[in-house]
Amino acid sequence: MFKRFRRLRINKNLRDLVQENDISKNDFIYPLFVKSGEGIKKEISSMPGVYQMSLDKILEECKELQALGLNSIILFGIPAVKDSIGSDALCEHGIIATAIKAIKKDFPDMFVVSDLCFCEFTDHGHCGILDMEHETVDNDATLEILVKQALIHAKSGVDMIAPSGMMDGMIEALREGLDSEGFENLPIMSYSTKFASAYYGPFRDVAESAPSFGDRRSYQMNPANRREAIAESIEDELQGADILMVKPALAYLDIIRDIKENTTTPLAVYNVSGEYAMLKAAAAAGVIDYERVMMETMLGFKRAGADIIISYHAKEVANLLNKR
Ligand code: PBG
Ligand code: ZN
């Protein structure tokens with residue numbers, strides 16, 4: 001006797017009753033790129049629908065997001081001036097600090113996450129202070145300024161910080177720094193398993209953050225390694241991360257599953273710029289049913305074990321869900 005799976009599939013209502021995973025607007029964090037200036041809303045050619053926006057436009061965008069039912073954003077900054085240590089990120093009047101304050105003032109219900117890194121703020125485009133002798137980033141010197149950056153965001157009223165620089169010991173350093181200044185309740189979402197990926201290409205156009213020399217392989221992870229990927233997230237969980245992350249998402253669904261099974265901390269995935277750009281390009285070429293492929297991709301993340309999806313598709317997904 002064989003099992004008749006079809007009994008559960010023939011009726012649409014029954015299909016819905018036994019569906020194991022679903023996509024909800026509550027699953028998403030939407031990335032926003034804040035550029036200094038006014039009246040700026042500049043689309044990125046490789047990422048249709050994604051813009052660099054000045055703060056006035058960002059505030060309009062927040063209104064639109066809330067109307068769609070999206071209540072979580074992650075902020076990236078494109079400062080007016082970059083230098084060797086990313087001073088704009090260390091100043092209470094810097095682009096992100098200013099944006100956090102303005103958004104929280106006008107939209108107190110918006111959950112505002114800040115990406116914590118230096119590559120958008122340094123003139124060399126690396127994620128921290130340089131160690132020229134080894135042609136990499138000075139891990140421990142970067143930890144010190146990372147804590148300063150975190151405290152500036154915290155004092156500006158951010159709801160969660162998301163360190164993305166892959167420095168060793170960053171969660172422990174941030175937790176200690178935040179706690180000692182009275183921010184015991186500020187959660188940390190760690191980019192805990194972040195690969196050195198070519199899928200970040202379009203992001204570096206938007207964020208104007210491509211490294212001016214070398215690459216990020218001395219601090220981001222080798223895409224060939226599975227056990228190291230699991231160990232990195234376990235390490236951040238032990239240091240006190242409140243949410244873990246796998247990035248990119250699409251080529252790393254196995255890693256999402258592995259980390260989900262080896263940890264008990266909520267897990268986010270970052271559906272990165274290159275993944276978004278590929279779907280957009282395929283849609284523009286007329287070779288896929290864009291909306292169905294997008295939703296199937298989101299479902300894949302959920303099935304793999306994602307609790308949270310950071311995605312440039314979030315608005316399109318919300319629009320579709322609202323029409324259902
Ligand atoms: C900064 C950062 C990057 C992304 C998120 N935070 C780029 C990088 O590491 O080069 C990539 C996001 C994307 O590609 O959408 N550290
Ligand atoms: Zn960085």
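Glu208 lies in the loop between α6 (201–206) and α7, where helices (H or I, at least four residues) and strands (E, at least two) are DSSP runs numbered from the N terminus. In this predicted model, in which local features need pLDDT of at least 70, side-chain atom pairs count only at pLDDT 80 or more, and totals for chains, interfaces and linings use all residues, the phi of Glu208 is near 50°, a positive value in a residue other than glycine. At 35% relative accessibility Glu208 counts as partly exposed, given that buried means under 20% relative accessible area, exposed over 50%, and partly exposed in between (1.4 Å probe, protein chains only).

Met166, found in the loop between β8 (160–163) and α5, also has a positive phi, near 60°, but Met166 is buried, with a relative accessible area of 7%. A further backbone feature is the peptide bond from Lys247 to Pro248, which is cis with omega near -10°; Pro248 belongs to the loop between β10 (244–247) and α8 (253–262). Most residues other than glycine have a negative phi, and most peptide bonds are trans.

Residues are numbered from 1 along each chain as its sequence is written, chains are lettered from A and ligands numbered from 1 in the order in which they are written, and side-chain values use heavy atoms, with hydrogens and water left out. Of the 18 residues around ligand 1, Lys194, Arg204, Lys247, Ser273 and Tyr312 come nearest, a residue being near a molecule if one of its heavy atoms lies within 4 Å of it. By class, this shell holds 10 nonpolar, 3 polar and 5 charged residues, where Ala, Val, Leu, Ile, Met, Phe, Trp, Tyr, Cys and Pro count as nonpolar, Asp, Glu, Lys and Arg as charged, and the others, Gly among them, as polar.

Oxygen atoms of ligand 1 lie 2.5 Å from a side-chain N or O atom of Tyr312, 2.8 Å from a polar side-chain atom of Lys194 and 3.0 Å from a side-chain N or O atom of Arg216. Taken alone, ligand 1 exposes 400 Å², and the protein buries 100% of that, with accessible areas coming from the Shrake-Rupley method and a 1.4 Å probe. The space taken by ligand 1 is the largest cavity, a cavity being a set of points, on a 1 Å grid over the protein atoms alone, where a 1.4 Å probe fits but cannot get out; a molecule sits in a cavity if more than half of its atoms lie within 2 Å of its grid points.

## Helix and strand residues

Arg175, in helix α5 (residues 170–180), counts as buried because its relative accessibility is 13%. A polar atom of the Arg175 side chain lies 2.9 Å from the backbone oxygen of Phe183, and the backbone oxygen of Glu184 lies 3.4 Å from a polar atom of that side chain.

Asp140, in helix α4 (residues 139–156), is exposed, with a relative accessible area of 52%, and its side chain makes a polar contact of 2.9 Å with that of Asn139; such a contact is a pair of N or O atoms within 3.5 Å, and within protein one must be able to donate a hydrogen and the other to accept it, while residues adjacent in sequence count only if both atoms are side-chain atoms. Ile73, in strand β4 (residues 72–78), is buried at 0%.

Notes. 1 Å grid on protein atoms, 1.4 Å probe; cavity = no way out; pocket = protein on both sides within 12 Å on 5 of 7 lines; lining within 4 Å.
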